[in-house]
Amino acid sequence: MKRRLRVNLQESRDAMDALEALITRASPRGLAEPAPDDAALRRMLAAAVAAPDHGRLRPWRFIAVRGDARHQLGEVLAQALRAREPAIPDILVAKEREKPLRAPLVLVAAAKLLAEHKIPTVEQIIASGAAAQNLMVAAHALGYGGFWRTGAPAYDARVKSALGLAESDQIVGFLYLGTPAGGPPTLDRPAPESCFVEWRGPAV
Ligand SMILES: Cc1cc2nc3c(=O)[nH]c(=O)nc-3n(C[C@H](O)[C@H](O)[C@H](O)COP(=O)(O)O)c2cc1C
């Protein structure tokens with residue numbers, strides 16, 4: 001155990017300081033090649049699986065879509081949109097088809113949900129979301145960028161099935177990953193105090 005910890009710290013040396021990475025992460029304006037390489041991806045996944053996980057259910061899954069498979073995912077998204085909204089103009093379907101091409105790597109972050117379990121499914125989804133966020137921050141710390149999308153496809157049974165997920169599983173995000181492009185992102189952040197209240201006892 002000790003040895004593993006030492007190795008992990010060693011591997012982390014060239015990454016950004018953790019607090020700086022958390023505070024400076026932002027969605028890039030655009031994404032270009034290169035995608036995180038295999039070594040970077042492995043470290044991002046190591047960050048993901050370090051997320052808090054009630055009951056150690058390991059509910060998170062990350063499905064990588066890259067290269068030509070992105071065109072196939074685009075076709076799945078387009079057909080799912082057409083099925084949801086039969087009267088939708090072709091131009092919007094074409095736009096949907098292009099979405100996976102916005103980044104060299106798309107990681108579909110999902111939660112494999114156990115419905116009849118003492119750990120509520122909402123907590124399984126929270127753990128998977130925490131894993132996804134850990135991965136996004138790790139990507140940023142390593143010099144890559146990513147943006148998180150959901151929308152109707154994340155809840156569409158056709159999309160889940162095409163990705164090998166069960167209808168009962170939850171897609172928590174399409175994580176678009178690559179190298180930041182298009183200039184610095186906007187850092188639009190609320191004041192830290194805005195999320196903070198101090199409780200001094202029950203309201204009377
Ligand atoms: C679960 C989840 C789903 C999201 N889905 C979308 C989405 O479908 N479309 C979108 O424009 N932003 C979506 N966002 C928000 C963006 O990823 C991003 O956080 C937001 O635009 C603020 O930019 P920032 O990442 O630079 O703070 C989602 C965020 C989360 C956590």
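This is a predicted model: local features need pLDDT of at least 70, side-chain atom pairs count only at pLDDT 80 or more; totals for chains, interfaces and linings use all residues.
Local features were taken at pLDDT of at least 70 and side-chain atom pairs only at pLDDT 80 or more, while totals for chains, interfaces and linings use all residues. Residues are numbered from 1 along each chain as its sequence is written, and side-chain values use heavy atoms, without hydrogens and water.

The ligand is surrounded by Arg25, Ala26, Ser27, Trp148, Arg149, Thr150, Gly151, Val172 and Arg189 (each with a heavy atom within 4 Å). By class, this shell holds three nonpolar, three polar and three charged residues, with Ala, Val, Leu, Ile, Met, Phe, Trp, Tyr, Cys and Pro counted as nonpolar, Asp, Glu, Lys and Arg as charged, and the others, Gly among them, as polar. A side-chain N or O atom of Arg25 lies 2.9 Å from an oxygen atom of the ligand. Of the 620 Å² of accessible area that the ligand has on its own, the protein covers 53% (Shrake-Rupley method, 1.4 Å probe).

The second largest pocket is lined by 15 residues, among which Glu96, Lys99, Arg102, Thr150 and Pro153 lie nearest its centre. A pocket is an open set of points on a 1 Å grid over the protein atoms alone where a 1.4 Å probe fits, with protein on both sides within 12 Å along at least five of seven lines; lining residues have an atom within 4 Å of a point. The lining divides into seven nonpolar, two polar and six charged residues.

Notes:
A polar contact is a pair of N or O atoms within 3.5 Å; within protein, one must be able to donate a hydrogen and the other to accept it, and residues adjacent in sequence count only if both atoms are side-chain atoms.
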